[in-house]
Amino acid sequence: MSLTESQKSLILSVAKNDMETAKKWAVVCCDEDNTQKSAYFVKDCKELLQKATNPFELPSDIKNFVTAENASEMFNANRYYLSEREHDVSERIMKMAKVARRLKEMIIPYRNATLLFGESGVGKTTFGRYIAYKSGLPFYYLNFSTIIDSYMGGTSKNIAKVFEFVAQNPCVFMLDEIDSICESRSSASGNGSDKENNRITVTVMQELDKLSNDTILLAATNRIDRIDKAVLRRFSIKHEVKPLNDDEKFEMLDTFLKDVGVDFSDTRKKTILSESTNQSGVINRAVEEIAAEILSDLEQ
Ligand SMILES: Nc1ncnc2c1ncn2[C@@H]1O[C@H](COP(=O)(O)OP(=O)(O)OP(=O)(O)O)[C@@H](O)[C@H]1O
Ligand SMILES: [Mg+2]
């Protein structure tokens with residue numbers, strides 16, 4: 001059996017005597033082992049390693065605007081419907097992560113960056129969590145609409161601090177609602193807030209150029225038309241997440257209902273689907289139906 005990419009990264013870090021990075025890769029290797037055979041060993045080692053370096057504990061100067069999630073524990077894959085389109089792009093992202101690690105061995109910087117675009121509620125943010133789950137890496141989530149600082153220059157500093165932290169931890173890094181700050185500079189009118197927006201956009205570009213090969217970068221927007229062209233160019237994969245078609249929505253609903261242990265008739269499922277335009281709508285309608293059923297049981 002050949003070494004996995006994470007095992008190779010672990011060995012390389014040990015060879016370079018970079019024990020901090022080695023410990024982080026050791027945690028990733030533990031997360032990748034889902035056999036019962038080594039379950040106790042993995043659990044014990046993970047506890048020890050995480051005491052030494054906890055990638056989910058954020059430094060105090062960034063924890064107000066970034067969240068760190070352990071997707072291996074928090075993401076419920078049994079409720080996630082992976083369409084063929086998203087399956088294909090996820091495979092590509094994972095392959096590029098391997099390519100990036102090989103290039104790192106050759107000391108060639110490489111950015112594995114994907115921009116997800118599409119209307120609200122089609123599952124862009126959820127897909128980011130799925131990639132973290134699939135890769136076994138920590139999920140760092142930065143919502144650009146919450147990082148705006150009222151002090152001039154403050155936002156750029158905050159962004160730089162976040163990228164600095166991310167560069168030290170192999171991870172899936174998600175920049176959500178990227179349009180809220182990386183607006184096209186050509187549309188700027190030259191007033192104070194436009195100048196601040198330009199400064200932030202330039203900071204983001206500079207930071208994107210310094211990303212580590214160990215970062216899987218994802219960004220999401222429902223306004224791709226608004227994003228600065230130079231920022232757009234830095235994403236090698238641009239993937240539109242589309243609303244599911246009727247068959248896919250049916251399968252998605254079935255996947256969800258099976259996992260929650262609820263059985264709806266086909267007619268009821270069809271009604272839910274006819275009232276929902278996208279992924280988010282299907283889940284929300286299904287939850288409303290389940291809630292109504294629980295309520296009626298309670299009232300009987
Ligand atoms: N493929 C999927 N499988 C299961 N549930 C999904 C899927 N896609 C979306 N959902 C459901 O829809 C909800 C909304 O999805 P999400 O927040 O990822 O959409 P979005 O595209 O990021 O929307 P926005 O542009 O408004 O941020 C999720 O919380 C989840 O319940
Ligand atoms: Mg979203």
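**The interior and its surroundings**

A: In the protein chain, 76% of the contacts with a separation of 6 or more are accounted for by residues 24 or more positions apart. The model is a predicted one, and its secondary structure comes to 12 helices and six strands. Of the 300 residues in the chain, 35% are buried.

Taken along the principal axes, the box filled by the C-alpha atoms is roughly 65 × 60 × 35 Å. The radius of gyration is 21 Å, which agrees with the value near 19 Å that a compact globule of 300 residues would have.

The chain is divided into three domains: domain 1 covers 1-54, domain 2 covers 56-240, and domain 3 covers 246-299. Taken over C-alpha atoms, the centres of domain 1 and domain 2 are separated by 25 Å. Where these two meet, 10 residues of domain 1 are in contact with 10 residues of domain 2. On the domain 1 side, helix 1 (5-15) and helix 2 (19-32) each supply at least two residues. The largest share of that side, five residues, is contributed by helix 2. By class, the side of domain 1 that touches domain 2 holds five charged, three nonpolar and two polar residues.

The largest nonpolar core has 56 residues, and the members that touch the most others are Leu142, Val172, Met174 and Leu218. Helix 2 gives the largest share of this core, six residues. Domain 1 (1-54) and domain 2 (56-240) each contribute at least three residues to the core.

Not counting residues up to four places away in sequence, Leu218 touches Thr114, Leu116, Gly128, Ile131, Val172 and Met174. Two of these partners, Val172 and Met174, are themselves among the core members that touch the most others. A second, separate core has nine residues, including Leu244, Leu253, Ile272 and Val282.

Ile159 lies in helix 7, residues 154-167. A residue is buried if 20 or more other C-beta atoms lie within 10 Å of its own; Ile159 has 23 such neighbours inside 10 Å and therefore counts as buried. Leaving out residues up to four places away in sequence, Ile159 touches Ile147, Ile200, Thr203, Val204 and Glu207. Ile159 and Ala77, by contrast, are 82 residues apart in sequence and 31 Å apart in space, C-alpha to C-alpha.

Glu69 belongs to strand 1, residues 66-69. With 19 C-beta neighbours inside 10 Å, Glu69 counts as partly exposed. Apart from neighbours within four places in sequence, Glu69 is in contact with Met74, Phe139 and Tyr141. Glu69 and Tyr133 are 64 residues apart in sequence, and 9.9 Å lie between their C-alpha atoms.

Two loop residues represent the exposed end of the range. Asn17 sits in the loop between helix 1 and helix 2 and is exposed, with 7 other C-beta atoms within 10 Å. Ile107 is found in the loop between helix 5 (84-105) and strand 2 (112-117), and it counts as exposed with 7 C-beta neighbours inside 10 Å. Most residues other than glycine have a negative phi. Asn17 is not a glycine, yet its phi is positive at about 60°; Ile107, also not a glycine, has a positive phi of about 55°.

The shell around ligand 1 receives residues from both domain 2 (56-240) and domain 3 (246-299), so the ligand lies between them. There are 16 residues around ligand 1, of which Ser120, Gly123, Thr125, Thr126 and Gln279 come nearest. At least two residues of the shell are supplied by helix 6 (124-135), and at least two by helix 12 (279-299). By class, the shell has eight polar, six nonpolar and two charged residues.

Notes:
Residues numbered from 1 in each chain as written. Chains lettered and ligands numbered in written order. Predicted model: local features only at pLDDT ≥ 70, side-chain atom pairs only at ≥ 80, totals over all residues. Helix = DSSP H or I, 4+ residues; strand = E, 2+ residues; numbered from the N terminus. Rg over C-alpha atoms; globule rule 2.2 N^0.38 Å. Buried ≥ 20, exposed ≤ 12 C-beta atoms within 10 Å, placed from the backbone. Contact = placed C-beta atoms within 7 Å. Domains from an automatic or database assignment. Nonpolar A, V, L, I, M, F, W, Y, C, P; charged D, E, K, R; others polar. Near = placed C-beta within 6 Å. Core = buried A, V, L, I, M, F, W, Y, C linked by C-beta atoms within 7 Å.
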